[in-house]
Amino acid sequence: MDFFFVLVFLGLAGLFVFGGLFASRLLAPHRPDANKNATYECGERPIGTGWVQFNVGYYLFALLFLIFDVEAAFLYPWAVALRELGVAGLIEAGLFILVLVFGLVYAWRKGVLEWV
Amino acid sequence: MSSWEVKTIAQRAAEAMPESVLAGAGYVLLAVGFAAAFMALMGMALIYAERKVAAHFQCRLGPMRVGPHGIFQTVADTIKLLFKEDIVPSQSDKLLHLFAPYLSMMATLLALLVLPMSPVVQIADMNIGVLYVTAVTGFGVLGVLLAGWSSNNKWSLLGAMRAGAQIISYEVSATMALLVVVMFSGSMQLSKIVESQAEGWWIWRAPVIGLVSFVIFLIASLAEISRTPFDLPEGESELTAGFHTEYSGLRFAMFFLAEFINMFIVAGMAATLFLGGWMPFHIGGFDTFNSVMDLLPPGAWFSLKSGLVVFLIMWFRWTFPRLRVDQLMKLEWKILLPIGFVNLFAAAASVVFGWYFFPIR
């Protein structure tokens, strides 16, 4: 039943956004022209398209994020059951986290974390 | 000490469904109506509060004209936005441009679904609550990236890329802080986490660790919802409002509303996880003191706590200057994340060896 409500709320979000926009389309004026619909670039005519290549730094941070987020997903079940696992669970997860911390230290030393 | 019986709207619907489908559907409608009304009213209230708080921090009065002390100002603004022309740039990817506000709104609404506001005011309560909130708020970044990309505008793209890098980076730290609470309460279900704080809130019951993870969670969440001092994806003075440069009228209003409700959700989650949610201020063993605290109903406790955190977030806006991109990344990867790891390990040790106040019932 809980996840049925998730479906219902997906629909509600659609109703909220698209219903609102539909109402706005009925109420608001709609008189597009070439200058109004031009891409905004502080009053200048835009040079080229906005779909350009961007800094590779963003990509490296995305990779790092992926590693640590998957790690967190692994740690959730461990965190729930930690009380039953006791010291053995503590040591095992400690080793797991340690390996990832080494990864972070490696990235740090390689200068990946510097923003250029 | 009085005990609380948690009963969510989803549970009520599931119970009513076998007997009469109509009653079950009624509960579904109740949930939908509640969420829609909550979004609209809370959004307006928060925008009004933001303007008033900002005004008083700067020794101004803020909106005063529409209604007593200007309380209908945001209503007027919403109506104005409804009558504004919806301008879609001809260069943009029109389908994705339309879809981006939906993704933002969806992330916000789905997170609202599980927020426990009182034992009876909670729509659904799944057993993976904390993980679910992390997962659905992740959709928000997709909305932002999509908005920036589909606009086909250099400012938008730059703002969206900054926002993406910022949100995913700080998500790691926020998760580290969430894991600490999951460990202490031994459950991911939000109502169980609240109930596990019946003897005291995690912020003080787990000595130092609770406070550290609360601070990490607050900083990381502020960055995730791009509030000041982490509002550089939207820096109006440098990026002309970033990812929503090309959004106008009601489409812009959807982003704006989602952003403000996100602020409430962050405050509500911080209150639920670290400040006991709807649980009154209890100290284990002091039964007389606890029964006095029980006089105030749980819903009022939740409102007080989340309201306090919302005020704190607004306060930050007028206290801290905006960070630079390199400072932002340095703060996350070189300061917050190492502290988060150490804190996580300390929390694990204190759970295993029982170094916290009052046992879990």
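Colleague: In which hand does α2(B) pass α3(B)?

Modeller: This is a predicted model, and in it α2(B) passes α3(B) in a right-handed crossing. The term applies if the near helix is turned clockwise from the far one, and left-handed if anticlockwise, by less than a right angle.

Colleague: How is the packing of α2(B) and α3(B) described in numbers?

Modeller: Two packed helices are described by the angle between their axes and the distance between the axes. Here the angle is about 115° and the axes are 9 Å apart. Axes are lines fitted to C-alpha atoms, for helices over the stretch in contact, and angles run from 0 to 180 degrees between N-to-C directions.

Colleague: Which residues make the contact?

Modeller: From α2(B), Met44(B), Ile47(B) and Tyr48(B). From α3(B), Gln73(B), Thr74(B), Val75(B) and Thr78(B). Residues are in contact if their C-beta atoms, placed from the backbone, lie within 7 Å. By class, the residues divide into four nonpolar, three polar and no charged. Ala, Val, Leu, Ile, Met, Phe, Trp, Tyr, Cys and Pro count as nonpolar; Asp, Glu, Lys and Arg as charged; the others, Gly among them, as polar.

Colleague: Next, the loop between α2 and α3 of chain B. Why is Arg60(B) called exposed?

Modeller: Arg60(B) has 11 C-beta neighbours inside 10 Å, so it counts as exposed. The cut-offs are 20 or more other C-beta atoms within 10 Å for buried, 12 or fewer for exposed, and partly exposed in between. Arg60(B) and Ala23(B) are 37 residues apart in sequence and 51 Å apart in space, C-alpha to C-alpha.

Colleague: What makes Cys59(B) exposed?

Modeller: Cys59(B) has 6 other C-beta atoms within 10 Å, so it is exposed. Cys59(B) also sits in the loop between α2 and α3 of chain B. Its phi is positive, about 55°, although it is not a glycine.

Colleague: Why is Val208(B) called exposed?

Modeller: Val208(B) has 11 other C-beta atoms within 10 Å, and therefore counts as exposed. Val208(B) lies between α8 (202–205) and α9 (209–224) of chain B, in the loop. Its phi is positive too, at about 60°.

Colleague: And what makes Gly43(A) exposed?

Modeller: Gly43(A) has 5 C-beta neighbours inside 10 Å, so it counts as exposed. Its place is the loop between α1 (2–27) and α2 (57–109) of chain A.

Colleague: How many residues of each chain are in contact across the two chains?

Modeller: 69 residues of chain B are in contact with 55 residues of chain A. α6(B) gives the most to the chain B side, 14 residues. That side has 46 nonpolar, 13 polar and 10 charged residues.

Colleague: What makes a nonpolar core?

Modeller: Buried Ala, Val, Leu, Ile, Met, Phe, Trp, Tyr and Cys residues, joined through C-beta atoms within 7 Å. The largest has 134 residues, and Leu109(B) is among those with the most contacts inside it. α6(B) gives the most to this core, with 21 residues. Beyond neighbours within four places in sequence, Leu109(B) is in contact with residues including Phe9(A), Leu12(A) and Met39(B).

Colleague: How confident is the predictor in chain B?

Modeller: The mean pLDDT (confidence in each residue, from 0 to 100) of chain B is 86, and 98% of its residues reach 70 or more. The model scores ipTM 0.87 and pTM 0.90. Local features need pLDDT of at least 70, side-chain atom pairs count only at 80 or more, and totals for chains, interfaces and linings use all residues. Residues are numbered from 1 along each chain as its sequence is written, while chains are lettered from A and ligands numbered from 1 in the order in which they are written.

Methods: Helix = DSSP H or I, 4+ residues; strand = E, 2+ residues; numbered from the N terminus.
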